[in-house]
Amino acid sequence: MYLSAANHRIPLSDGNSIPVIGLGTFSEPALTKKGDCAASVKIAINIGYRHFDGAHLYQNENEVGDAISEKIAEGKVKREDIFYCGKLWATNHVPEMVRPALERTLKSLKLDYVDLYIIEVPMAFKPGNEVYPKDENGKWLYHKSDLCATWEALEACKDAGLVKSLGVSNFNRRQLELILNKPGLKYKPVSNQVECHPYFTQPKLLKFCRQHDIVVVAYSPLGTSRNPLWVNISSPPLLNDALLNSLGKKYRKTAAQVALRFNIQRGVVVIPKSFKPERIKENFQIFDFSLTEEEMKSIEALNKNIRFVEMLMWCDHPEYPFHDEY
Ligand SMILES: NC(=O)c1ccc[n+]([C@@H]2O[C@H](COP(=O)([O-])OP(=O)(O)OC[C@H]3O[C@@H](n4cnc5c(N)ncnc54)[C@H](OP(=O)(O)O)[C@@H]3O)[C@@H](O)[C@H]2O)c1
């Protein structure tokens with residue numbers, strides 16, 4: 001499929017489409033200046049980004065919404081040009097909590113629908129307002145997941161017009177099958193957002209998703225911010241990789257651009273995060289070169305099968321997805 005800066009949507013199984021690159025918007029709230037997110041989204045829209053990946057958990061959906069509203073008011077874009085993905089957090093899996101959670105997101109965004117709403121993780125936390133609930137001994141308060149019941153509540157949100165497409169995140173094959181095989185399934189998940197980059201290429205999950213018409217969305221496509229609080233930094237920095245840098249030299253591109261091109265060229269959507277104007281621009285300049293088949297294979301061979309994002313706080317939860325092979 002020919003992808004260009006002006007036209008880079010790829011189809012979703014429900015008849016909608018998704019831009020193959022989006023701006024990731026997660027930035028440590030404590031380390032991020034107020035207004036940086038809104039400024040970055042506006043710069044991104046000017047550059048040509050139309051897809052924004054966010055979440056209530058990121059504490060900046062209001063800034064994303066302000067930036068989108070401003071650009072719509074300016075006449076730079078129309079609502080239907082923009083694709084926003086929001087996420088249902090782990091404390092809101094209980095079916096009655098799903099619609100109110102989505103409505104909170106819509107209120108922050110000042111939008112009347114989101115384009116995609118996804119279950120952020122398959123593990124549930126104790127329902128309530130505490131985002132990371134712990135008991136008095138500092139132990140995580142898990143809750144039993146009922147992913148099919150959560151999914152049915154999401155289907156009702158789509159029927160109510162609050163969301164165009166439904167998807168999941170951090171689901172393994174078994175969890176995807178649970179939804180796909182649910183009796184009475186009304187809407188299939190259109191996408192699965194998972195860690196994916198040249199050091200974690202996800203060959204098996206990608207094959208399974210392709211077979212089921214599920215688009216894979218790659219989070220941390222540049223190898224994360226390497227914040228040791230949540231990133232496994234024993235795996236080396238992706239962007240220092242010798243092959244990515246030498247291919248970058250060949251095409252007058254950076255290692256980051258090669259890593260992003262690798263994924264979009266194999267049909268994987270990328271959502272790199274930067275709040276730096278130069279990098280926001282750099283990360284979008286991936287439509288004016290292509291990698292040869294041999295180069296794609298040599299990048300695939302960089303796979304180390306080691307995650308940067310291990311989500312270890314959930315490793316004892318019965319739905320922890322990463323114990324399974326894929
Ligand atoms: N569903 C999930 O569970 C999940 C998990 C993780 C992430 N996500 C989503 O995926 C998005 C992206 O993932 P991520 O933020 O973990 O990692 P990422 O996009 O792989 O990397 C972001 C880091 O790379 C830096 N960077 C960006 N462009 C660069 C470039 N061209 N050259 C060098 N460094 C560059 C950024 O710094 P500056 O900002 O300083 O440029 C930031 O520190 C998130 O923002 C979020 O929307 C979802």
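1. The largest cavity has a volume of about 70 Å³. A cavity is a set of points, on a 1 Å grid over the protein atoms alone, where a 1.4 Å probe fits but cannot get out. The volume is the space filled by probe spheres set on the points, which are joined across faces, edges and corners.

2. This is a predicted model, in which local features need pLDDT of at least 70 and side-chain atom pairs count only at pLDDT 80 or more, while totals for chains, interfaces and linings use all residues. Residues are numbered from 1 along each chain as its sequence is written, and side-chain values use heavy atoms, with hydrogens and water left out.

3. Lining residues have an atom within 4 Å of a point. For the largest cavity they include Phe171, Arg307, Asp324 and Tyr326.

4. The second largest cavity holds about 40 Å³ of space. Among its lining residues are His51, Asp53, Cys85 and Ser191. Strands β4 (51-53), β6 (114-119) and β10 (191-195) each supply at least two residues of this lining; strands are DSSP runs (E, at least two residues) and helices likewise (H or I, at least four), numbered from the N terminus.

5. Helices α8 (residues 255-265) and α10 (residues 293-300) pack at about 105°, with their axes 11 Å apart. Axes are lines fitted to C-alpha atoms, for helices over the stretch in contact, and angles run from 0 to 180 degrees between N-to-C directions. The pair is therefore roughly perpendicular (65 to 115 degrees). Val258, Phe262 and Gln265 of α8 meet Met296, Ile299 and Glu300 of α10, contact being heavy atoms within 4.5 Å.

Conventions: Parallel < 35°, antiparallel > 145°, perpendicular 65-115°, else oblique. 1 Å grid on protein atoms, 1.4 Å probe; cavity = no way out; pocket = protein on both sides within 12 Å on 5 of 7 lines; lining within 4 Å.
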